[in-house]
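Subject: The structure we talked about

Hi,

Here is the structure I promised to pass on to you. Please open it beside this email and look up each residue as you read.

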Amino acid sequence: MLIQQFRYDNYRLHQLGNNSVFTITLQAGLSAIKTPQCYKEDGSSKNPDCPVCSKSLNKLAQPLPMAHCANSRLVCKISGDVMNENNPPMMLPNGYVYGYNVSVGFTGLLKAHRAGVVTT
């Protein structure tokens, strides 16, 4: 009891929190990259490169606030590459958007589809 009271008073005297610097830094980092996509029920929307989407850190980040992303970036679902001026987004006839580098490989398939040729 006396030890806890000493720690509490010492923290208040020096304006320190009860959490370690590591915990605060980890929470700030997870909160900065946490988005609603990390908590969707279907596993397909989770990004394998996102630390918050991993099972262990997902539980730690659950009580933290979501990130506010003023700027976003498009990522191709097939290749995982960022869509930018070198890999512009291309919308296919089915309405899905993919990176240009991936859609170049689809051109043969699209031409066959438009011609009515069934490919397997």
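Cys53 counts as buried at 13% relative accessibility, where buried means under 20% relative accessible area, exposed means over 50%, and partly exposed is anything in between (1.4 Å probe, protein chains only). Before you go further, please note that this is a predicted model, in which local features need pLDDT of at least 70 and side-chain atom pairs count only at pLDDT 80 or more, while totals for chains, interfaces and linings use all residues. Residues are numbered from 1 along each chain as its sequence is written, and side-chain values use heavy atoms, with hydrogens and water left out.

Back to the cysteines. A disulfide is a covalent bond between the sulfur atoms of two cysteines, and here a pair of cysteine sulfur atoms has to lie within 2.5 Å to be called one. The structure holds 0 disulfides. Cys38 is buried too, with a relative accessible area of 2%.

Both cysteines also turn up in the largest nonpolar core, whose 7 residues are Leu30, Cys38, Cys50, Val52, Cys53, Ala61 and Leu64. A nonpolar core here is a set of buried Ala, Val, Leu, Ile, Met, Phe, Trp, Tyr and Cys residues joined through side-chain atoms within 4.5 Å. A second, separate core has 5 residues, among them Cys76, Met83, Leu92 and Val102. In soluble globular proteins, nonpolar side chains tend to be buried together. Leu64, from the largest core, touches Gln27, Leu30, Ser31 and Lys34, leaving out residues up to four places away in sequence; a contact means heavy atoms within 4.5 Å.

Now step back and look at the whole chain. It has 4 helices and 4 strands, and their order along the sequence is α-α-α-β-β-β-β-α. Helices (H or I, at least four residues) and strands (E, at least two) are DSSP runs, numbered from the N terminus. Of the 120 residues in the protein chain, 16% are buried. Among contacts with a separation of 6 or more, 28% join residues 24 or more positions apart.

How many of the 12 residues of helix 1 are buried? The count is 0, so the helix is hardly covered. Just after helix 1 comes Gln15, in the loop between helix 1 and helix 2 (21-33). Gln15 is not a glycine, yet it has a positive phi of about 55°. Gln15 is exposed, with a relative accessible area of 74%.

Asn58 sits in helix 3 (residues 55-61) and is buried at 11% relative accessibility. The side chain of Asn58 reaches the backbone oxygen of Cys38 at 3.1 Å. Not counting residues up to four places away in sequence, Asn58 touches Cys38, Tyr39, Lys46, Val52 and Cys53. Asn87 lies in the loop between strand 2 (82-83) and strand 3, and is buried with a relative accessible area of 3%. The side chain of Asn87 reaches the backbone nitrogen of Tyr100 at 2.8 Å.

Last, the tyrosines. Tyr96 is in the loop between strand 3 (89-91) and strand 4 (97-99). Is Tyr96 buried or exposed? Tyr96 is exposed, with a relative accessible area of 53%, whereas Tyr98 counts as buried at 14%. The count of aromatic pairs is 1. The rings of Tyr96 and Tyr98 have their centres 6.5 Å apart and their planes at 40°, so this pair is tilted. The rule is that rings of Phe, Tyr and Trp (its six-membered ring) pair if their centres lie within 6.5 Å, with planes under 30 degrees apart called stacked, over 60 edge-to-face and the rest tilted.

Enjoy exploring, and write back with any questions.

Best wishes

Terms used:
Polar contact = N/O pair within 3.5 Å; in protein donor to acceptor, adjacent residues only side chain to side chain.
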